[in-house]
Amino acid sequence: EQAEFQARRAHLLFAVQSQRYDLHAQKGSVVAQSPASGMPARRGITLSVVVSKGVERIDTPGLVGRRIDEAQIGIRQGGLRLVSTAFLRGPQPAQTVVAQSPSAGTVVPRDSEVALLVSAGPPAFTFVTPDLVGTSAQAARQDIGSYGIQAATVPGDRSETVPAGTVLAQSPLPGMPLNRSDMVRLTVSPP
C-alpha cells in the first residue's frame with residue numbers, strides 16, 4: 001500500500017504485475033519494479049511491481065524408513081537442504097533413515113536444513129579371541145569354527161618337548177576382538 005501511495009503521489013499509475021516468494025523480503029514488500037528505482041519516469045506511466053509473498057513455508061517430508069538415496073531426493077524435491085548425515089549400528093537395514101530433524105510434517109521455510117540419522121546395519125558380531133596356545137590344532141579349529149571363524153595353520157619349529165599338532169602361537173593374540181570375517185592364524189608344531 002505504501003508503494004502505491006508513493007506512485008500516485010508521483011503522478012504515476014500503479015499495477016501489481018505479480019507476486020512471488022522471497023527468502024529476504026517481508027510479505028507485501030516490493031521486490032522488483034519497472035521502471036527501475038532511480039530511473040526517470042513521465043507522469044501518467046504505469047509503475048509495475050512484483051510483490052513479495054514472504055518466505056515460502058513447506059511441510060518437511062517424512063523420511064524415516066526410506067533408503068538414504070530416496071530421502072536425499074525427497075529433501076531436494078521438497079525445497080530443503082541436507083546438512084548432516086550420521087550413521088549408527090542398529091536393527092534396521094543398512095542405509096535406512098531412522099531419525100530426522102526437523103520431524104515429518106514440521107512447517108519450515110523453503111531452503112531449510114535437514115539432518116538425518118541413518119542405520120549402518122546391525123552390529124557386527126565380535127568375539128574375544130580365546131587362548132589357543134598349547135591346545136591341539138584340531139581342537140583349536142573346532143573351538144573357533146563353532147563361532148563361524150576360519151583358522152589357517154602354518155608349520156612352526158620342530159620341538160622334542162611339544163607334541164606334534166600342538167598350537168605354538170596364534171594371531172590375533174588372546175583377548176583381541178575377532179569378527180566372523182577374520183581368520184585366526186595358528187602356528188602348529190610339525191609332525
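Me: Which residues does serine 52 touch, not counting residues up to four places away in sequence?
Reply: This is a predicted model. A touch here requires heavy atoms within 4.5 Å. Leaving aside residues up to four places away in sequence, the contacts of serine 52 are Arg20, Asp22, Ala25, Gln26, Lys27, Gly28, Ser29 and Val31.

Me: Is serine 52 buried or exposed?
Reply: Serine 52 is found in strand E3. The cut-off for a buried residue is under 20% relative accessible area. Serine 52 has a relative accessible area of 2%, so it counts as buried.

Me: Which backbone oxygen does the side chain of serine 52 reach?
Reply: Gln26 is among the residues that serine 52 touches. The distance from the side chain of serine 52 to the backbone oxygen in question is 3.3 Å, and that oxygen belongs to glutamine 26.

Me: Where is threonine 60 found?
Reply: Strand E4 covers 57-59 and helix H2 covers 68-77. Threonine 60 is found between these two elements, in the loop between strand E4 and helix H2.

Me: What is the relative accessible area of threonine 60?
Reply: A residue has to be under 20% to count as buried. Threonine 60 is buried, because its relative accessible area is 3%.

Me: How many Å apart in space are glycine 105 and aspartate 59, C-alpha to C-alpha?
Reply: Glycine 105 is in the loop between strand E6 (97-101) and strand E7 (107-109). It touches Asp59 and Thr60, residues up to four places away in sequence being left out. Glycine 105 and aspartate 59 are 46 residues apart in sequence, while their C-alpha atoms are separated in space by 5.1 Å.

Me: What does glycine 105 count as, by its relative accessibility?
Reply: Buried means under 20% and exposed means over 50%, with partly exposed in between. The relative accessibility of glycine 105 is 47%, so glycine 105 counts as partly exposed.

Me: Which residue is joined to proline 35 by a cis peptide bond?
Reply: Most peptide bonds are trans. Proline 35 lies in the loop between strand E2 (30-34) and strand E3 (46-52). The bond there is cis, with omega at about 0°, and the partner of proline 35 is serine 34.

Me: What is omega for the cis peptide bond that joins serine 171 and proline 172?
Reply: Proline 172 lies in the loop between strand E11 (167-171) and strand E12 (177-179). The peptide bond from serine 171 to proline 172 is cis, and its omega is about 5°.

Me: What is phi of histidine 11 near?
Reply: Most residues other than glycine have a negative phi. Histidine 11 is found in the loop between H1 and strand E1 (13-20). Its phi is positive, near 65°.

Me: What is phi of aspartate 111 near?
Reply: Aspartate 111 lies in the loop between E7 and strand E8 (113-119). At 35% relative accessibility it counts as partly exposed. Aspartate 111 is a residue other than glycine with a positive phi, near 75°.

Me: What separates the C-alpha atoms of glutamate 1 and glycine 156?
Reply: Glutamate 1 is in the segment before helix H1 (2-9). It counts as exposed because its relative accessibility is 84%. Glutamate 1 and glycine 156 are 155 residues apart along the chain, and their C-alpha atoms are separated by 94 Å.

Me: What radius of gyration does the chain have?
Reply: The C-alpha atoms fill a box of roughly 115 × 30 × 20 Å along the principal axes. For a compact globule of 191 residues the radius of gyration would be near 16 Å, but the chain has 35 Å.

Me: What percentage of the 191 residues in the chain do buried residues make up?
Reply: The chain has 3 helices and 13 strands. It exposes about 12,100 Å², of which carbon and sulfur atoms supply 52%. Of the 191 residues, the buried share is 26%.

How values were computed:
Residues are numbered from 1 along each chain as its sequence is written. This is a predicted model: local features need pLDDT of at least 70, side-chain atom pairs count only at pLDDT 80 or more; totals for chains, interfaces and linings use all residues. Side-chain values use heavy atoms; hydrogens and water are left out. Helices (H or I, at least four residues) and strands (E, at least two) are DSSP runs, numbered from the N terminus. The radius of gyration is taken over C-alpha atoms; the globule rule is 2.2 Å times the number of residues to the power 0.38. Buried means under 20% relative accessible area, exposed over 50%, partly exposed in between (1.4 Å probe, protein chains only). Accessible areas come from the Shrake-Rupley method with a 1.4 Å probe; for residues, only the protein chains shown count as cover. A polar contact is a pair of N or O atoms within 3.5 Å; within protein, one must be able to donate a hydrogen and the other to accept it, and residues adjacent in sequence count only if both atoms are side-chain atoms.
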